[in-house]
Structures are given as C-alpha cells and as structure tokens.
Amino acid sequence: MVDASHDGNDVITPAAVEDVELYHPHSWWTRYVFSQDAKVIAIQYACTAIAIGLVALVLSWLMRIQLAFPGALPFIDADRYYQFITMHGMIMVIYLLTALFLGGFGNYLIPLMVGARDMVFPYANMLSYWLYLLAVLVLVASFFTPGGPTGAGWTLYPPQAILSNTPGGEWGIILMLVSLIIFVIGFTMGGLNYVVTVLQGRTRGMTLMRLPLTVWGIFTATVMALLAFPALFVACVMMLFDRMAGTSFFMPAIVEMGEQLKHGGGSPIMFQHLFWFFGHPEVYIVALPAFGIVSDLISTHARKNIFGYRMMVWAIVIIGALSFVVWAHHMYVSGMNPYFGYFFATTTLIIAVPTAIKVYNWALTLWRGNIHLTLPMLFSLAFIVTFVNGGLTGLFLGNVVVDVPLSDTMFVVAHFHMVMGVAPILVIFGAIYHWYPKVTGRMLNEAMGQLHFWITFLGAYLIFFPMHYVGLVGVPRRYYEIGETSFVPASVHDLNVFITVVALIVGAAQMLFLFNLVWSLRHGREAGGNPWRATTLEWQTPQTPPVHGNWGKELPIVYRWAYDYSVPGAAEDFIPQNQPGTLGVTREAVA
Amino acid sequence: MVESVQTPVPQAHSQAHSQAHRQPGGMRGFVSDWASDQQAFKNVSWGKAMMWIFLLSDTFIFGCFLIAYMTARMSTTVPWPNPSEVFGLTIAGHEIPLLLIAIMTFVLITSSGTMAMAVNFGYRRERRRTALLMILTAILGAAFVGMQAFEWTKLIHEGVRPWENPWGAAQFGSSFFMITGFHGTHVTIGVIFLFIVARKVWRGDFDTGRRGFFTSRKGRYEIVEIMGLYWHFVDLVWVFIFAFFYLW
C-alpha cells in the first residue's frame, strides 16, 4: 500500500480512485474532431461559443446603430429589431457564457486542476459537445427560415412568443425551443461529467477543501445548472406543444387580429415562473465560475494567498443555494400577491451578504499583496469594480417599490449588462490571457492585450453608465425607436449617439483580441510550463500543452492548498500543490 | 514511490497536529468528512454517482411537469374531468374505475422486484439468471408501455385530444398526454437498454472484457445495478404520477 501520510490521520491516503480508461485515438478524426479528450472538447466548445458570440456582437451593433441613427440601416424595421434583441440575449447568456464557462473552462480546467487524467465519462463528454454544436446550428438555422428567427424577446414570454404575428412566429420560435431542448440534453451529459469528476475523480491529497476556487465555482454552477435547466426544458417542451399541438398550457383565451384563437385556460404566469426558476440560477451559473476564476487570478498575480478560503467556498455554495429562491424578483410587475414580493425581495437582498463577503475577500487578498499588473490582473480588477457597480443597481431592482418604476427601462438593461454581461466577460478575457500559455505553449501579445483591455474596460463604462441615466428618465427597453416623445429629453438622443459610437469601437477592439488569439499561436513568446509561477496543478504538467492523459506515468499527489504564495522561508514565492514539505498550508484548510 | 513522496516531519509538530485533527466534531467534522480525499462518496463508483446525480436532475424535470399540471388543474375555471370515470373500464357490464391503471401500476412495481433480483444475481455473477431476470423486467416494462398505448388509443377514440376533450378542461388532455408520454418514453428507453445490457450479460461480456461497440470500453457487472437505479426511479416517478393524476 502506498501511504504518503505524515501520520495516521493525514489527508493523503492510498489511491482509491480508479484510473479513467482513456480512449487512445488512432486517426486524425478521432484525435482532433471526434475527440474524447476533455482538453480538445474544451477548445471545441470555446471556439464554437466565441463564433456564435460574434454573431450576437454584430446583432448588438445593428441594434445600437438603429437606436442612435433611426432608419440609417434601411433593412432594420421593428420586426428585425425584436429579432436582433432576442437572438442577442439568448446567444450571449446561454450559447456563449454558459457554454464557454462550463463547457470551455470546465472541460479544460477541472481534470487538470483536480489531478485527473480526463473527465470520468469521456464518451458522454464528446456527445455533449456535438449536441451543443447541433443546438447552435439549429439556432443559426432560424436566421434562414421564412420569417426569420423569433422576435419574442429572450425571455420568450407567452402568449406573445407563439402568436403568429410575432416576428419569427412561423419557424423561428420552433427552432429556438428545439435548440434550447437540445442544449439542455447536451449540457446534462457534460454537466454530469464535471460534477462526478470533481466529487469522485480527484487525485490523492486533493480534498474538496484544497480545490482551487475555480473548480469550486464551476462545480457549484454545474450542480445549479443540472437543477435549473430542467425548468427551462419543461417550459420549452410545453411551449412547443402550445405552438405545435394546439395545447393551452400557457395560452389564455385570446383574440388576435380580431379573431378568437382556439387557445384558452392556460397561464402565461406559469411560464414566467418556470422560466425564471431557470433564469435566475442562470445568472449565477454564469457568475459563480467567474467568481472562482477571478479568485485564482487575483491570488496568483498578487502573489498572496486568497483571503478567507473557507469563507469563499461557503459563499459560493450559499449564493448557489439562495439563487433558487429568488426567481420571482423578475416578476414584480407581472402581478403577484404582495407578500410574495416581500418574500422574494428579502431573499434577493440576503444574497448581497455572501456576495459582499467575496468582494471584501478579493479586496483583502489584494491588500499589501505584490500586485503584478499583468493582463489577467487588470481584467480581474476591472471585474471587481464592474461587479460592484452592477451589484449596487441590483439593490435598486431587488426592492419592489423601486423596481416597479424602473422595470422595463434601459436602467434594467444597463444593470444586467454590467453585472452579468460585462463582468463575466471581463473574467473570460482575463482567464484566456491567463491560461492561453497552458493551452498553446505561447503567451498572448502584451501590447495588443493592453490596448484590448483599456478599450474594453473604459468602453464598457462609457456604454453602460450613461444607459443608467437614460433608463432613469424613463426610456423603455426593447423600443426600436423612441422618436420625439415629450418626456424624453434631448440629452437622451445625444447619449444614444455617444453610446453607439463607443459600442462600435469596443466591438472593434474584440476583433483585435481575436486577431491576437490567432497571431500569438505562431508568433507569441514561448511560455514554458509555468509562466505565472502559479501553484495549481494544471501548471505542473510534465508537458505544455498537456498531452492526452494529462500526467505522466503517475498522477500527482497533492500536499497543500492552492494558495501557497509568498510563504515565509520558502525558496520561491510559490509552492506548487504537489510539492511536499512543511512550509505553508500543508494540511487541510479546515484547520 | 512510497519513499520518494514521504517527507520527514518533526515528531512534535506531527503529533500536535494529529491531536488537533484526530476527531473534529460538529459542523467542522461534518465538512471534513464530506470534503475528504479523492472521493466525496466513499466506495461509490463513477457510474453510480453519475446515475444518482442524473436522477436528481430528472426529478426536477418530472417535478416541474407535475407542478405545472397541478397549477393548471387548480386554476382552471372549467370543471376537471373525473379521473375515476375517465379511466374506468367496462367489463362484463360492470364499470370498474381505474382498473387498467391498477394493472399497469402492479406490472410496473412487479418489474421493480424482478430488477432487484437481477441486480442480486449480477453481483453473484450468475449470468444466465441475471440476463433472464433483466429480460423479464424488460417484458414487464414493455407490457406497461403496451397497456399505456391501449389507454391512449381508448381515450383518443373517446375524443380526448391535447387541445380538447368531451368532459371539461382542455388541460386535462394536454397534461395527460405530455406527462404519461414523457414517463412512457423513460420506460421505453429503459426497456431498450435492459435488452442491450441483458444481451451483454448473457454473452459474458463483463467476464471476457469485451469492448462496447460505441465507446470501445469494457463494461462491468455494475451496469446492472446502475440500470436498476434508473428502473426503480422510473417506477417511483410513476407512483407520483399515479397519485397526482389518477387518484386526485
């Protein structure tokens, strides 16, 4: 028996975990296309997500141009505008952010960070990606169907979503629902992999309380997704029946174009409950991986251990749990018993407590740290500021009396773009700058990166800060043209032009980023195995980029937590997790 | 391997720590148990862990379906058809309420019993008995689906459609077809996999290490138990559907 323990009670026990049975590819096709290697699947996920994200980015340009210069692009009419809004929202939230964080970063980082050779079910993992790709293709197909994609708004509220005169009422809505159903099935296959790998597939010494916070964030988000996506699945199935089989789950008796429809007796509010039971956890499915990743980036680039590791873990778990009991704060104006509003406002505001713990802990990790203003650190700092800003407006919207007048204004748009659009995207950028050297073996170009960062960060504020004001004076969201309206001051029109110009520039800066990704593949500086001198296991692989199976003959053994930076007395300012010794936190962080 | 990774630790330091850590109680002990090395659930294989978590997720799907159905039923303004009459059978001139459903439920619960026996024999490596019991389970499952098809046919003949029915709220038909259809799909998938696994067991794949067609991986007898988890879950869900749809 192999026993690496210091005493009988140590956490490092003999190997108990079975070794994953790797599939060794024999051909180019099974190595790079139908690959069962989590790292290849991760890159496939990431590339697909970024590609479809570009579509959504272009849609946002078109919407902004329409808002600032109504009629400048003659092909944009009201229907088109609604279709752009719908597709932009759905793509960004589900097909870009969720897929990139969980399918992309989850696949790449979980096996490496927990010291596994691969995900526990590589075959199902592969199917997960191909189903995701199919979902994306079905979604894209709706652009080319008669009537175009659905214009129901990304929340797809019935009855309007499935009425025939809603843009995309012919095929768009059907393809959207089918695409979401496929996405949920595909995600479940991947999600089960991530969860079981974290729970049951860790290497020796890797207790849950030694996991890097990145893994905690992705793990908790995946568990939430496995419990929240069922509601979306059910809502989509039922709406598909309403649209195609003539049922009336969500359809009340309704008159359209002077004609009494055959529907009756259904409840549109029920859809909203189902949708937001998925929709609110979805916010944190996107946010928690960002929380986890940013914790690791800050600790690594400030050369300091994360402050309050256990609190950080508990905060992630508590936020995840609370996010299941707040969904109806999206429905304050839908008509609810006032006591429900009271309940949901309370739970919503309670979430501020664990969230604040996290923000304070990030700040305290930075405090007196040896802060390196590398690109990942810059993006992390930008994230903290942006997340706090977005979170503060969340306090406004979480309260019923303040939410009611602000509901469905541009204020809401500014709020959720700050908190779950810009903030997680900043983390994604930071994470790509951080892990690109591990994935490719080369560093991303620093100069291009700096330019990308400053344009993106400052630009995001120039876009969304004025938008709060636009919303406060009462400009509604989802209006494709506000025209000359008495309560809208002239400043709003000027601001709209300003926002649009900045948005175009920020969008263009993303092209620079994509160019950097491709350019650095060949021309980037050689990175070596551990350019950031980080402690976590993925930087300790024998090869960079890691090969199939991740580790050499032996799996690594973990002796310490992930945050032994600047340990007094240590030879270097970091001690990798797989390095034995008595310095630093070699025992469970539980102590 | 052993020596290379073992590091000398000062004795006093080690003891002080081990005493402090020997038996952490309360919340801290609870956490350290669950956060323990390598596996959170000791001696639970990956496959079983995956199936349990999948079933948890699936529970949420059925939960959402049933809650949506109950919401529709409670909020409808037109009368809800009386299940005892709708689901009755007339046999030899006697109207017997819920007869078919009672038989269906009995068949499905019985199949849970044969499944449990298959799992038992699987662990004893009695290939033939395991395979036969799995096939018996599959046949019972198929019988259930068959009776469901009969029930659907009967209702459709009586004029029940997803969008209307002769007796009351349209949501009756919609919910009925959707929920029993979704459950029936689960049973059908289970039947198919039962046959596939039974064939593998019969052929001795798990003794000879024969590799799967799609995954090119070796299977293990454990798959019988994982199959059993799924099957019992599908039965359990039926109990809830039975209670909420037919008995309410």
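Colleague: Which residues of α4(A) are buried?
Modeller: In this predicted model, a residue counts as buried if 20 or more other C-beta atoms lie within 10 Å of its own. By that criterion the buried residues of α4(A) are Pro122(A), Asn125(A), Met126(A), Ser128(A), Tyr129(A), Tyr132(A), Ala135(A), Val136(A) and Leu139(A).

Colleague: Against what do the buried residues of α4(A) pack?
Modeller: Helix α4 of chain A covers residues 122-141 and reaches 29 Å from its first C-alpha to its last, close to the 28 Å expected at 1.5 Å a residue. Its buried residues pack against helices of chain A, namely α2 (38-68), α3 (78-114) and α5 (172-200).

Colleague: Are α5(A) and α6(A) roughly parallel or roughly antiparallel to each other?
Modeller: The axes of α5(A) and of helix α6 (residues 213-244) in chain A come within 8 Å and cross at roughly 155°, and the crossing is left-handed. Angles over 145 degrees count as roughly antiparallel. The two helices, α5(A) and α6(A), are therefore roughly antiparallel.

Colleague: Is chain B spread out or compact, judged by the globule rule?
Modeller: For the 248 residues of chain B the globule rule gives 18 Å, whereas the radius of gyration is 25 Å, well over that value. The C-alpha trace of chain B spans about 85 × 45 × 30 Å along its principal axes. Judged by its radius of gyration, then, chain B is more spread out than a compact globule.

Definitions and conventions. Residues are numbered from 1 along each chain as its sequence is written. Chains are lettered from A and ligands numbered from 1 in the order in which they are written. This is a predicted model: local features need pLDDT of at least 70, side-chain atom pairs count only at pLDDT 80 or more; totals for chains, interfaces and linings use all residues. The radius of gyration is taken over C-alpha atoms; the globule rule is 2.2 Å times the number of residues to the power 0.38. Helices (H or I, at least four residues) and strands (E, at least two) are DSSP runs, numbered from the N terminus. The expected span of a helix is 1.5 Å times one less than its number of residues. A residue is buried if 20 or more other C-beta atoms lie within 10 Å of its own, exposed if 12 or fewer, and partly exposed in between; C-beta atoms are placed from the backbone. Two residues are in contact if their C-beta atoms, placed from the backbone, lie within 7 Å. Axes are lines fitted to C-alpha atoms, for helices over the stretch in contact, and angles run from 0 to 180 degrees between N-to-C directions. Angles under 35 degrees count as roughly parallel, over 145 as roughly antiparallel, 65 to 115 as roughly perpendicular and the rest as oblique. A crossing is left-handed if the near helix is turned anticlockwise from the far one by less than a right angle, and right-handed if clockwise.
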